[in-house]
Amino acid sequence: MERLQFDGFRTEGLAVLAGLEDTNTKQYFEAHRNEFRDGVLEPAKALVVELGEHLRHSVAPNLTADPRVNGSLFRLNRDIRFSADKSPYKTQQALFLWEGADKKTSPGFYIAISGHEVGIGVGYMGIRDLDRWRAAIADDDSGSRFVEALDAATGAFAGVTANDPDLKRVPRPFPADHPRSRWLRHKGFHASLSEPLPDEVTSPAFVDWCAKRCEAFGPLHRWLVDHAA
């Protein structure tokens, strides 16, 4: 099988994603399907392969990078069955590289490319074992290292934020005034940042651009793998 090589996203493909923000219809997408395929989808497959190789050497030795739709690549079609928003397509191409047996409950790196910006983050789709997560957060040693890893990411790049807690109250048996009460109220976790599309997005250099940001999240990813995967 020929090795996939990432040469950058094409401007005409990124323009399709930008166009979907204003004209999110099947007619529009079908008219630009080839530009999306050649300018976004195929480069995204190659990005998964090359970024996966890079991150396996630097921060995630057992990382899964599957260059297929429904593997590391998310479908562009939206599931509108239970949504009030009936727009048929997402406006970004997202990908997820994970470390663990089950993509849905394993920590990993998430990247989303739209026509205007790139979002990069680390975390879970959902925490599989909440008891283990809470015990690791509550423990003075491992909990302090979680905060340190998150602080390292926020210090490396401006604009890093974490998702809001899912619960209004700290779950029992932990005290309401626990020093890491916020994190005890999470049922899922991710930290991320968004930046305008860089010049590198249309060149091979975008692999290193993404890797640098993922590596800033590396200590946090390693904590998630070691303590709450």
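Two strands pair if DSSP finds at least two bridges between them. Helices (H or I, at least four residues) and strands (E, at least two) are DSSP runs, numbered from the N terminus. This is a predicted model, in which local features need pLDDT of at least 70 and side-chain atom pairs count only at pLDDT 80 or more, while totals for chains, interfaces and linings use all residues. Residues are numbered from 1 along each chain as its sequence is written, and side-chain values use heavy atoms, with hydrogens and water left out.

**Exercise 1. Work out the strand order of the sheet and name its edges.**

Step 1: start with the inventory. The protein chain has eight helices and five strands, and along the sequence they run α-α-α-β-β-β-α-α-β-α-β-α-α.

Step 2: The five strands make an open sheet in the order 1-2-3-5-4, with antiparallel pairing. Strand 1 and strand 4 (161-162) are the edge strands, as each pairs on one side only.

Step 3: recall what holds such a sheet together. Strands of a sheet pair through backbone hydrogen bonds, either parallel or antiparallel.

**Exercise 2. Describe the surroundings of strand 3, with partners and cover.**

Step 1: look towards strand 2 (residues 108-114). Strands 2 and 3 are antiparallel and share six bridges; a hairpin of two residues links them. Across this pair, I111 sits opposite I120 of strand 3.

Step 2: now look towards strand 5 (residues 190-196). Here strand 3 pairs in the antiparallel sense over seven bridges. G121 has S192 of strand 5 as its bridge partner, and V122 has A191 of strand 5.

Step 3: check the cover. Of the seven residues in strand 3 (residues 117-123), six are buried (buried means under 20% relative accessible area, exposed over 50%, partly exposed in between, with a 1.4 Å probe and protein chains only).

**Exercise 3. Compare the contacts of S72 and L97.**

Step 1: S72 is in the loop between helix 3 (33-58) and strand 1 (92-98), while L97 lies in strand 1.

Step 2: buried or exposed? S72 counts as buried because its relative accessibility is 0%. L97 also has 0% relative accessibility, so L97 counts as buried.

Step 3: list the neighbours, leaving out residues up to four places away in sequence. A contact means heavy atoms within 4.5 Å. S72 touches V48, T64, A65, D66, A94, L95, F96, L97 and W98. L97 touches V48, L51, G52, L63, T64, A65, S72, G108 and F109.

Step 4: From L97 to I111 it's 14 residues in sequence and 8.8 Å in space, C-alpha to C-alpha.

**Exercise 4. Size up the whole chain.**

Step 1: get the dimensions. The C-alpha trace spans about 55 × 40 × 35 Å along its principal axes.

Step 2: For 229 residues a compact globule would come out near 17 Å; the protein chain has 19 Å, which agrees.

Step 3: look at burial and contacts. Buried residues make up 48% of the 229 residues. Among contacts with a separation of 6 or more, 65% come from residues 24 or more positions apart.

Step 4: finish with one exposed example. E148 lies in helix 5 (residues 140-156) and is exposed, with a relative accessible area of 52%. E148 and D166 are 18 residues apart in sequence and 22 Å apart in space, C-alpha to C-alpha.

Definitions and conventions. Rg over C-alpha atoms; globule rule 2.2 N^0.38 Å.
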